[in-house]
Amino acid sequence: MRVLVTGGAGYIGSAVGAQLVAAGHDVVVLDDLSTGHADAVPPGATFVKGTLRDCAAEVLADGIEAVLHFAAKSLVGESVANPAKYWSNNLGGTISLLEAMREIGVRTIVFSSTAAVYGEPERTPIQETAPTRPTSPYGASKLAVDTALTEHARMHKTGAVSLRYFNVAGAYESAEGKWLGERHNPETHLIPNVLAAATEGRPVQIFGDDYPTPDGTCIRDYIHVADLADAHLAAVDALLDRDGLADYYNVGTGRGASVLEVITAAQEITGIHQPYEVVPGREIDPPEVVADPARIRAELTWKAQFGLEEMIESAWTAYSRTPAAAIA
Ligand code: UFG
């Protein structure tokens with residue numbers, strides 16, 4: 001099948017693109033390289049540099065049968081400072097993509113959504129039926145896309161699946177032995193920050209230790225990027241099998257780990273004893289965010305295979321092999 005991967009030079013898009021190539025699909029990556037890295041595009045994929053607005057129609061018209069849509073801005077803090085950037089890129093970009101799909105007749109899309117659509121949950125684990133009350137423009141823009149996609153699919157009798165990721169972590173090893181890990185700049189995520197601090201011999205910062213959790217630090221549901229890649233392939237298969245599928249699925253393990261547990265696990269894996277310092281918590285961090293993955297397990301027969309240790313180990317391998325200059 002010929003598949004378009006938007007944002008396929010980014011962390012998650014490049015891993016899913018590599019998995020699609022390995023599964024024998026004909027992959028086209030569209031990425032403007034505003035945050036992605038050209039060297040992360042899987043060998044064997046066709047690469048088009050450009051934006052959704054300028055290039056989606058032309059790329060889709062070249063025989064694309066399904067779209068996996070990752071291209072987006074994804075920094076929560078930046079979205080609070082500059083909401084218009086998030087509405088314009090995340091919602092506006094997707095509307096351009098959907099319009100082009102409708103004109104050309106491409107009927108299948110899988111979207112990279114987020115647990116941020118739920119905001120501060122009333123209870124965990126979080127089911128898809130939980131209230132959606134995002135606390136940042138980032139989460140709000142992703143929720144708007146979830147709605148636009150499923151409405152578009154219902155109106156035009158096409159297929160759309162939104163995968164609401166929890167905390168994606170780890171690195172993906174491609175068929176060529178290349179490790180595709182997080183290379184964000186700035187890096188805000190916990191696991192890469194812990195590994196960078198360990199390597200540089202400085203303390204890692206814990207954002208708050210007075211949350212209502214057993215050890216006082218925030219609990220998250222970390223999900224391996226390789227498991228996430230499998231979830232995308234399962235979603236594409238389900239869309240091709242089931243006419244009119246338009247739904248949202250949580251993608252997590254159903255197990256939470258606290259910030260302190262992540263730091264302790266990382267110490268064991270790196271062998272580096274790492275001091276930490278507690279600094280004030282970020283304002284919009286909910287104490288506990290854990291998925292209930294029952295719906296995706298039942299309907300797409302997908303289940304996470306990897307745990308926290310494998311995520312940190314793979315992230316560590318990727319980090320150790322990626323020169324700092326390649327992250328910038
Ligand atoms: N944290 C630290 N120190 C750091 C970095 C993070 O203590 O250096 C803490 C955060 O406060 C949080 C936890 O580690 O409690 C995880 O933080 P991340 O930044 O790795 O991830 P978030 O949970 O903030 O964000 C993730 C996704 C977002 C998504 C959000 C929804 O990365 O895209 O979940 O809950 F919006």
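Predicted model: local features only at pLDDT ≥ 70, side-chain atom pairs only at ≥ 80, totals over all residues.
**View 1. Packing of helix α1 against helix α7.** The axes of α1 (residues 11–22) and α7 (residues 225–241) come within 9 Å and cross at roughly 60°. The two helices are therefore oblique to each other (angles under 35 degrees count as roughly parallel, over 145 as roughly antiparallel, 65 to 115 as roughly perpendicular and the rest as oblique). The crossing of α1 and α7 is right-handed. Contact (heavy atoms within 4.5 Å) involves Tyr11, Ile12, Ala15, Val16, Gln19 and Leu20 of α1, and Val225, Leu228, Ala229, Asp230, His232 and Leu233 of α7. These residues divide into 9 nonpolar, 2 polar and 1 charged.

**View 2. Packing of helix α6 against helix α10.** Helix α6 (residues 190–200) packs on helix α10 (residues 308–321) at about 55°, with the axes 10 Å apart. That angle makes α6 oblique to α10. Ile191, Leu195, Ala196, Thr199 and Glu200 of α6 meet Leu308, Ile312, Ala315, Trp316 and Tyr319 of α10. The contact comprises 8 nonpolar, 1 polar and 1 charged residues.

**View 3. Surroundings of the ligand.** The ligand is surrounded by 18 residues (a heavy atom within 4 Å), and the closest are His189, Gln205, Arg220, Arg282 and Asp285. Ligand oxygen atoms lie 2.7 Å from a polar side-chain atom of arginine 220, 3.2 Å from one of asparagine 193 and 3.3 Å from a polar backbone atom of threonine 188.

Residues are numbered from 1 along each chain as its sequence is written, and side-chain values use heavy atoms, without hydrogens and water. Local features need pLDDT of at least 70, side-chain atom pairs count only at pLDDT 80 or more, and totals for chains, interfaces and linings use all residues.

Notes:
Axes fitted to C-alpha atoms, helices over the stretch in contact; angles between N-to-C directions. Helix = DSSP H or I, 4+ residues; strand = E, 2+ residues; numbered from the N terminus. Left-handed = near helix turned anticlockwise from the far one by under 90°. Nonpolar A, V, L, I, M, F, W, Y, C, P; charged D, E, K, R; others polar. Polar contact = N/O pair within 3.5 Å; in protein donor to acceptor, adjacent residues only side chain to side chain.
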